[in-house]
Amino acid sequence: MRARSALFDLYGDHLRSRGGRAPVAALVQLLAPLGINPAAVRTAVSRMVRQGWLTSVRTPGGPGYALTGRAVRRLDEAAGRIYRTRGSEWDGTWHLLVLPHVPDRSLRERLHAGLAFLGYARLGGDTWLAPRRSGEAESLLAADGVRADGFTARDLGDPAELAARAFDLTALGTAYQQWLRDARTHAWADTGVEADGLEGGGVEGVTVGEDADRRAFAARSRLVHEWRKFLFTDPGLPSALLPADWPGDAAAAYFDTHAAALLPAAARFVDTCLAQTGGTT
């Protein structure tokens, strides 16, 4: 797990709901269970400041970093997809974006990756499609001085067939099946957290204690980190556009059960670290 990704996970999973800020000492202490050293944390923080995701602040515990407005919007969007808190109903309307030609290859690839992260698929040429409008798409393009034409449309053919063609749901479904197999086999192997009792959604397998809380935090962090990778491949399509017996449903149920079981102990570890380093909860 890289330090930058771990910081995004940490802020999104824990610190966003605790004011979105923390002293540097807390960030170092919180990423230590993941095997990330202090130098890597500081380097990643500096990079995220340059990219506009974090801003330096003073905290009771000394110098720290807070989420920028851009980061809050991105993390809230990501959380809605990770935990599926936004509605799954679909009104039958597609959102289309037609980009101008971008001759710079690196810029073009960055824009394409950003649109894919926001749930758009490339139909062909410079036309992109999504089943719902992303409020972040316009700012994503504007940040690089690109202005696209946006449209809403219906009657583009059979919706399920269009979704399967545009988003390659066959490959995505296979990826979910593989993720679930890997999670069931390896998720707890190097965490020290017993999996017994977690299948039913309880917390019987997670014992109380500082070391157990630390292990639970590490386990949940790894689980969220692996699940979060689907943000780059899964557009979060409404259920009406997905095949029957969608493999993502079983994978999501597994993730929800284990993430919920680990949360109380993981949250205690976060609160303990913040309290020890002068952070606020």
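**Entry 1: the sheet.** I note that the model is predicted.

**Entry 2: the pairing of β1.** I then followed β1 to strand β3 (residues 62–67), with which β1 pairs in the antiparallel sense over three bridges. For Pro23, I recorded Gly64 in β3 as the bridge partner.

**Entry 3: aromatic rings.** I found eleven aromatic pairs in the structure. For Trp179 and Trp227, the ring centres lie 4.8 Å apart and the planes stand at 65°; the pair is therefore edge-to-face. This pair links distant parts of the chain, as Trp179 belongs to helix α8 (residues 169–186) and Trp227 to helix α9, 48 residues apart. I noted both Trp179 and Trp227 as buried. Ring pairs also join Trp179 and Trp227 with Tyr176, Phe230, Trp246, Tyr254 and Phe255 in a cluster.

**Entry 4: Arg228.** I located Arg228 in helix α9 (residues 210–228). Is Arg228 buried or exposed? Its relative accessible area is 15%, which is under the 20% limit, so Arg228 counts as buried. Leaving aside residues up to four places away in sequence, I listed Ser5, Phe8, Asp9 and Ile82 as touching Arg228.

**Entry 5: a charge over a ring.** Lastly, I looked up Arg70, whose charged end sits over the ring of Trp53, 3.8 Å from the ring centre.

How values were computed:
Residues are numbered from 1 along each chain as its sequence is written. This is a predicted model: local features need pLDDT of at least 70, side-chain atom pairs count only at pLDDT 80 or more; totals for chains, interfaces and linings use all residues. Side-chain values use heavy atoms; hydrogens and water are left out. Two strands pair if DSSP finds at least two bridges between them. Helices (H or I, at least four residues) and strands (E, at least two) are DSSP runs, numbered from the N terminus. Buried means under 20% relative accessible area, exposed over 50%, partly exposed in between (1.4 Å probe, protein chains only). Contact means heavy atoms within 4.5 Å. Rings of Phe, Tyr and Trp (its six-membered ring) pair if their centres lie within 6.5 Å; planes under 30 degrees apart count as stacked, over 60 as edge-to-face and the rest as tilted. A charge sits over a ring if NZ of Lys or CZ of Arg is within 6 Å of the ring centre and within 35 degrees of the ring normal.
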